[in-house]
Structures are given as C-alpha cells and as structure tokens.
Amino acid sequence: MPLMAEGTTHRVSRVINADPATLYGLVSDVTRHGEWSPECRGARWIDGATGPEPGARFLGRNRWGLLAWSRTCEVEEAVPGERFAFRTVPGRLAADSTRWAYTFEEVPGGTRVTESYEIVVPVPVRVQTSVIRALLPHHFDMRPHMAATLAAVEAGTGLLPGQAAAPPGPLDVTGMWVMHHAFRRDLARFAAAVAGTPLADRPTWRALRDRWDRFAVVLHKHHTGEDDGLWPLLRERAAAAGDHGAVATLDAMEAEHAVIDPLLASCRAGFEGLAAGATEAGRAEQSARVAATVEALQAHLGHEERDAMALVQAHLSAGDWERLEKEVFQAAYRPRDLAFAVSWAFDGLPAATRRRMLADGGPVLRLLSRVLAPAFRRGERRAFGAAYNLVPASGARMFSAAG
C-alpha cells in the first residue's frame, strides 16, 4: 500500500500570541508563503484572482535541493479568522492533488493555528517508490515541515517586533510596518543610552543629540506625509463609501501627531543640555522625557496599526498606495538622505522581512544596503554605545504593555 494513499491526513498545531484575524490575514496571503515554508519559494495570484476567495487560483513555486517545480492551486475555503483551505490542481505533468488547510481558534495565550493536509488524489505508486523516495522523501510525512512553517509564522507573524496589529487586506503595506519598527527600535536604544552613557562622555552625548535630530526628522517626514497625503485621501474615500466612523479615527491620528511634536522638541532640548554638561539630575529629567515620548508614540503607533491601517486596506486601491509611497513618502527624501535612510530602515529587521524588502527593491537597493551599512553601524555605535546591541525583540519587550 502506498504511503501517500488517498485519504492520508496529517496535522500540526501551534498556539501563537496573535489574534485569529491577523493570523488568517498572513496565511491567506499566499504571496508570502515563501517566508514561512521550508519548501515553497513564493506564489502569485493568477487567472484574474487578486486575493483569497473560493475558486481563486494561484501559482506556487517550490524548491528542494536542486529540484524546482510549480503547482497551480485553487482556494476552496476562505473564512476570515476561521479557516483557509486550498488544493493543488491536477495537471498533465502532476496528476495528484492535496488539500491544505489552516484553521484558527482563539484560546488562552493567543490563537491555536492548525495546519493540515489530506491526499485527495495520490501520486502513482511507481513515482512514490522511485522519484519521491529519492528526491523528496519528506513528502511521505510533511509534519516536520508543517511544524517549521508554523514556527516561522510565529517568529515573524507579519508583526514586526512591537507591532500591535496587521489588518488583512489586498495592499502590501510592508514599507509602513518597517518604518514603525524603526521608530520603536530607535526609542528603545535612546532610552537605554540615556540611562547608560557616562556623564563625562560628552562626545557620546553630542552624538546622541545629533542622532535624535535624525530620528525626529524622519518621524516628522512620516507624519507630514500622513497628514498632507494619506489622511485626506482616506477621508475622501471613506466619505464616498459612507464610512462615517472613519472620521473619528483620522481626527485622532492628527491630534496624536500634534501631541508628539512638542515631546520631540523637549527631548532635543534635553540632549542639548546633556551635551553641554551632563548631571545625574539632567539624566533623570531626560529619562522622563524619553519615557513620555515612548508612551505617546507607542500608543499612537498601536492605534494607527489597529484602526487607521484597517481603513487603508478597506478604502485604498493598490494604485492609490503605490502613488502615495512614491509621491508623498519617498519624495520627502532627497538623494543625499539615502545614505542614512536606507540603512536606518533595515537595521535590526527580522531576516525574512529584510530579505523580502531587498528582493522587492531590486539590485540598486541591495547594493546601497551592502555598501552603506558599515558606516551606518559605526555611527550608531558612536551614539548608542552598548545600547546599539539592543535587538528588536528587546524593544518589543520594552513596549509590549503599550502595544
């Protein structure tokens, strides 16, 4: 009897600290499966499909060792927050079919995600005992690979360290999440550096002052782009759709920006004072200023991620988002800003997210990242000292209560 007989079913479960809607949004975005799977290298929607719904088809690319192949798949179930299932479509070269499914159950500590597969049409016995046994022996029992997939989802979850939510939707807003990650990472390092920099080390206090200026400029550009470009367009689209509740969320976004600006200025003045002559009293006051900024910005980022980005996914098209990124957010940076901005955005990113950003950015971005990174790291060490060794996970722990 073949090991992969019709009806063969295996499943693996894992409890992940995220809500069912968020995890469904990740898993049902088949274009990201290459980030989680040991074997899948990516997928794209085909035949006019743009997202997960019954009948939608996608083409998955796979590789194991020297063997590479593609399979057409069809979505069978797509119930947000509950279940996502698809099957491989039998074809001329591959007549077998397997149904893959993910279910999401809210439990204490997060969501129990269960990945399962069922052999619908088995591979012919002669192929199982020759080609598969020689080249793909793990296909006789995929549970170890499924466990690795769920572990990768948990490690990345699509939520960068400290991120509060990732509302599902058709738009790829990874660039926004990367910016938020960098803001949180910087604040974690600033807080640690204020506490740990020797009072007499005036060069480091000056470096921290100058580095705060760069942080504040990037944050100001980001908020200005939202206030001048993103929120007005969202108001227009939400009003046209009759989404009157969106107005309160967008009003809150602008009000929170107005609260954060004075905090940035206060911290800048504090770093200026410490650069001129640091005292324990000055350190304590600056620690309080930075803590207040952390609290306000983290609350704002969390609010934006949960509510405002849900409006983005609901009311903007891919063309809208692409235009905003190019004409509003990217246009705010001059060519001479790139030496800092590129390295700043990528520093400390989870490996899977970094690889994806570099792949999407093309060869020029990859070259810039490689060439500029050493000088950037030297500058970061001058400013943050030992705090530069704070990994993003440390920042996430620091901010977890607010996020």
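1. C267 counts as buried in this predicted model, at 0% relative accessibility. Buried here denotes under 20% relative accessible area, exposed over 50%, and partly exposed in between, with a 1.4 Å probe and protein chains only.

2. C40 is likewise a buried residue, at 11% relative accessibility. Its sulfur lies 8.5 Å from the closest cysteine sulfur, that of C73, which is too far for a bond. The structure holds zero disulfides, a disulfide being a pair of cysteine sulfur atoms within 2.5 Å.

3. H33 is placed in helix α2 (residues 33-36); helices (H or I, at least four residues) and strands (E, at least two) are DSSP runs, numbered from the N terminus. H33 is buried, with a relative accessible area of 11%. Setting aside neighbours within four places in sequence, H33 is in contact (heavy atoms within 4.5 Å) with V27, C40, F86 and Y102.

4. The protein has an average pLDDT of 86, and 90% of the residues score at least 70; pLDDT is the predictor's confidence in each residue, from 0 to 100. Confidence is highest in strand β5 (residues 83-88), at a mean of 96, and lowest in helix α12 (residues 392-399), at 35. Over residues 391-403 the pLDDT is below 50, and this stretch has 18 contacts in the model beyond near neighbours in sequence.

5. On conventions, residues are numbered from 1 along each chain as its sequence is written, and side-chain values use heavy atoms, with hydrogens and water left out. As the model is predicted, local features need pLDDT of at least 70 and side-chain atom pairs count only at pLDDT 80 or more, whereas totals for chains, interfaces and linings use all residues.
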